[in-house]
Amino acid sequence: MMTIIQQFLLALFATLGFAIIFRVPKKLIPVSIIVGALGWITYLISLYYFDSPVIGCFIGACLVGLCSTLAAYVFKNAATVFIIPGILCLVPGSKIFYTMEALLKDNLTGMAETGLQTLMMAGAIAMGLLVMGACTNVVRALIHKTVTLKDKF
Amino acid sequence: MDQKKQKETLILAAKAGKIMMKSGAEIYRVEDTIERICLACGVDHVNVFAMPTGIFVSINNEDQDDTVTYIKRIKSSETDLTKISKVNHFSREFTTTDMTIEEGLKILDEIDNGWKYPFWMRAIAASLVTGCFSVIFGGGALDFCVAFIVGACCYLLSRFLEKYEINFFIRGFICTAFAAACALVAAASIPGVAYAHIITGCIMLFVPGVAITNSIRDFLSGDMLSGLARMTEAVLIGISLAAGAGVVIKLWAILGGVVL
């Protein structure tokens, strides 16, 4: 529990750094850093239960996508404002380095393993955002349809 | 609609699109904004084709014989989410109220040259990112302090290279190479510092998160070309980051330094 709180705070501050570098609108900084930290915690929890960083990335990206869409709806702003700082914690930066390190140590099996994992994690983030985006598109289309139906009848 | 107004409309719409595209907006948002602004100015037919490197707008009025086309080339880009959000609000305002084109241009200029965080604040933000990530990936308090300083230096170096318009691939390479060199020196001189955690922290600062996110959102809205372009950018940045750190670590080992 202690580590979870510690990781949450660390992710919060890391996302705050990204929010300042990418200049998230000032009023939305608290929301966007909470989205980012929640994504990271979801990743850690799913890593604990499924023991696979790929599934962790997928679930984390799904959560970031969902929270961002909701936040975009509530705060009447572009969803990108929340997604970009939120997703950055999940991007496998450390795996890139460990792939390189395995290559330098002539450990080709290790390199193939971590390299593939890096690519799969990036793919999982993409899939998570894709699934969430498709879902929101469907929901939005359904809402618009009901609205137009109401107007007609 | 006379020719002068047609031209002014195009300039306004392309300017709005350019600001958005430079700040890292998705393709459909840029195309949508340009289309809305043109239609609000009273143009009959608009067609927009936007890419990360350029915008093409073509408008046609029924009372005129010619179709007018405007091409805007986009060179550098810097992610700035405030600008995206502001231009978004501006386009909504412009289409719902009867704002003139001159007023619109003035507002866009204000958005483009708006207030930015002071440089020292951005440098501290960058060091916050590297420091926190070095701890997240398993470092200790000492690693945090070293990564904090190295992160700020890396950010300064990256901005310096950006000023001389060095492309993103080489920039990523040089920045991580610098970070790796600093981390190795720190690990050799201060006992208890692990170079791996510092380098991973610094890599996170340059990781292509924006490119991945935008490429997926472009694919989702059917802009395959831009999606592919941004996906390639993400892969290239990832490779350059790994190469930068790798080359320095290898050189360090060859020159006789001890890699812990």
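Is Asp51(A) buried or exposed? Keep that in mind; the tour will come back to it.

**Before you start**

This is a predicted model, in which local features need pLDDT of at least 70 and side-chain atom pairs count only at pLDDT 80 or more, while totals for chains, interfaces and linings use all residues. Residues are numbered from 1 along each chain as its sequence is written, chains are lettered from A and ligands numbered from 1 in the order in which they are written, and side-chain values use heavy atoms, with hydrogens and water left out.

**Stop 1: Asp51(A)**

Select Asp51(A). Find it in the loop between α2 (29–50) and α3 (53–75) of chain A. Helices (H or I, at least four residues) and strands (E, at least two) are DSSP runs, numbered from the N terminus. Asp51(A) counts as exposed because its relative accessibility is 65%. The cut-offs use a 1.4 Å probe and protein chains only: buried is under 20% relative accessible area, exposed is over 50%, and partly exposed is in between. Now check the backbone. Asp51(A) is not a glycine, yet its phi is positive, about 60°. Most residues other than glycine have a negative phi.

**Stop 2**

Along the sequence they run α-α-β-β-β-α-α-α-α-α-α-α-α. The C-alpha atoms fill a box of roughly 75 × 30 × 30 Å along the principal axes. Of the 260 residues in chain B, 50% are buried.

**Stop 2: α6(B)**

Select α6 (141–163) of chain B. Its 23 residues should span 33 Å at 1.5 Å a residue; the end C-alpha atoms are 34 Å apart, which agrees. The expected span is 1.5 Å times one less than the number of residues. Next, colour its buried residues, among them Val146(B), Val150(B), Cys154(B) and Leu161(B). An α-helix has 3.6 residues a turn, so residues three or four places apart point the same way. What covers the buried residues of α6(B)? The cover includes α1 (2–21) of chain A, together with α5, α7 and α8 of chain B.

Step just past the end of α6(B). There Glu165(B) takes a positive phi of about 55°. Glu165(B) sits in the loop between α6 and α7 (168–189) of chain B. With 73% relative accessibility, Glu165(B) counts as exposed.

**Stop 3: where the chains meet**

Show both chains. The contact (heavy atoms within 4.5 Å) takes 50 residues from chain B and 44 residues from chain A. Together the chains bury about 4,300 Å², 75% of it on carbon and sulfur atoms. In chain B, pick out Leu81(B), Tyr117(B) and Ile136(B): they lose the most area to chain A, together 16% of what that side buries. Buried area is the accessible area (1.4 Å probe) that two parts lose on being put together, summed over both.

**Stop 4: the salt bridge**

How many salt bridges cross the interface of chain B and chain A? The rule finds one. Zoom in on Arg23(A) and Asp80(B), whose side chains meet at 2.9 Å, N to O. A salt bridge is a side-chain nitrogen of Lys or Arg within 4 Å of a carboxyl oxygen of Asp or Glu.

Finish on the side of chain B that touches chain A. The elements giving two or more residues are α3 (81–96), α5 (119–136), α8 (195–206), α9 (209–220) and α10 (224–254) of chain B. α5(B) gives the most, with 10 residues.
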